[in-house]
Amino acid sequence: MVFDMTSCGGCTTCEMGCSLYHTGEFNPAVSSIKILDREDGLGFVVSLAEVSNEQTIACTGCKDQETPWCAQYCEKSDDLMEIIRQFMENNKGCQG
């Protein structure tokens, strides 16, 4: 699922935090969150994985944490938290 995030600067620290949480290593290739270039306009596109596969881990919103790891390291954490909230609302019971 993809979301526009006009405030995103594209630093990808969210990808690093996510992969560290899920694997114990900095490996953004398996991160649940991907920061993608926009076709036009400001910011970036945030992609959150709905299901796990060989290449990525499904986003769970870090349910056991007060704040998801991706948002803990994001300069625009309020905006990212709103995206995660929308994602979780739209994907109740679909992670895995």
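1. The lining of the largest cavity has nine nonpolar residues, three polar and no charged. Here Ala, Val, Leu, Ile, Met, Phe, Trp, Tyr, Cys and Pro count as nonpolar, Asp, Glu, Lys and Arg as charged, and the others, Gly among them, as polar. Keep in mind that this is a predicted model: local features need pLDDT of at least 70, side-chain atom pairs count only at pLDDT 80 or more, and totals for chains, interfaces and linings use all residues. Numbering starts from 1 along each chain as its sequence is written, and side-chain values use heavy atoms, with hydrogens and water left out.

2. The whole structure has one cavity of 30 Å³ or more. About 80 Å³ of space lies in the largest cavity. A cavity is a set of points on a 1 Å grid over the protein atoms alone where a 1.4 Å probe fits but cannot get out; lining residues have an atom within 4 Å of a point. The volume is the space filled by probe spheres set on the points, which are joined across faces, edges and corners.

3. The lining includes C18, H22, C59, C62, W69 and C70. α1 (13-23) and α2 (69-72) are the elements that give two or more residues to this lining. Helices (H or I, at least four residues) and strands (E, at least two) are DSSP runs, numbered from the N terminus.

4. One aromatic pair is counted. The ring centres of Y21 and W69 are 5.4 Å apart and the planes stand at 55 degrees, so the pair is tilted. Rings of Phe, Tyr and Trp (its six-membered ring) pair if their centres lie within 6.5 Å; planes under 30 degrees apart are stacked, over 60 edge-to-face, the rest tilted. Y21 is in helix α1 and W69 in helix α2, 48 residues apart.

5. Three strands form an open sheet in the order β1-β3-β2, with antiparallel pairing. Strands pair if DSSP finds at least two bridges between them. β1 (2-5) and β2 (33-37) are at the edges with a single partner strand each, so one side of each has no neighbour in the sheet.

6. β2 and β3 (residues 44-48) run antiparallel, joined by five bridges. I35 stands opposite V46, and K34 has S47 as its bridge partner. Six residues separate the two strands of this hairpin; G41 in the turn has a positive phi of about 85 degrees.

Conventions: On a 1 Å grid over the protein atoms alone, a cavity is a set of points where a 1.4 Å probe fits but cannot get out, and a pocket is an open set with protein on both sides within 12 Å along at least five of seven lines; lining residues have an atom within 4 Å of a point.
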